[in-house]
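Please keep the sequence and the structure in view while reading.

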Amino acid sequence: EVTGEVTGEVTGEVTGEVTGEVRKLLAVMNGEMKRVEIQKALGLSHEEHFREAYLQPALKAKVIEMTLPNKPTSSNQRYRLTAAGTQIIRTDQQGS
């Protein structure tokens, strides 16, 4: 069960691992989105580059999550921000 709770300590660790590409991905996230929707919002056409540079690092850093984690290749798969991802966006907005 995912509760959405993240401690400041975990958030600090996650923030250090987040690349510029992942920050760009977080900035375009709006609710639950399909991969193709995120990719389009970023203006990226090359799927493999998007997966390697944006999607996989964001999932690994636990700043986004799959809506269907047991079915990663489902046509109904969507991605959404985690509490850690939301915290990074808030921190970035406060800093700018």
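## Confidence

The chain has a mean pLDDT of 87, and 81% of its residues reach 70 or more, pLDDT being the predictor's confidence in each residue, from 0 to 100. This is a predicted model, in which local features need pLDDT of at least 70 and side-chain atom pairs count only at pLDDT 80 or more, whereas totals for chains, interfaces and linings use all residues. Residues are numbered from 1 along each chain as its sequence is written, and side-chain values use heavy atoms, with hydrogens and water left out.

Confidence is lowest in helix α1 (residues 8–17), at a mean of 50, and highest in strand β2 (residues 79–81), at 98; helices (H or I, at least four residues) and strands (E, at least two) are DSSP runs, numbered from the N terminus.

## Nonpolar core

The largest nonpolar core has 20 residues, of which Leu25, Leu26, Ile38, Val63 and Ile64 touch the most other members. Such a core is a set of buried (under 20% relative accessible area, 1.4 Å probe, protein chains only) Ala, Val, Leu, Ile, Met, Phe, Trp, Tyr and Cys residues joined through side-chain atoms within 4.5 Å. At least two residues each come from α2 (20–28), α3, α4 and α5 (83–95), and α4 gives the most, with six.

Beyond its neighbours within four places in sequence, Ile38 is in contact (heavy atoms within 4.5 Å) with Leu25, Val28, Met29, Met33, Phe50 and Tyr79.

Conventions:
Buried < 20%, exposed > 50% of the residue type's maximum accessible area, 1.4 Å probe, protein only.
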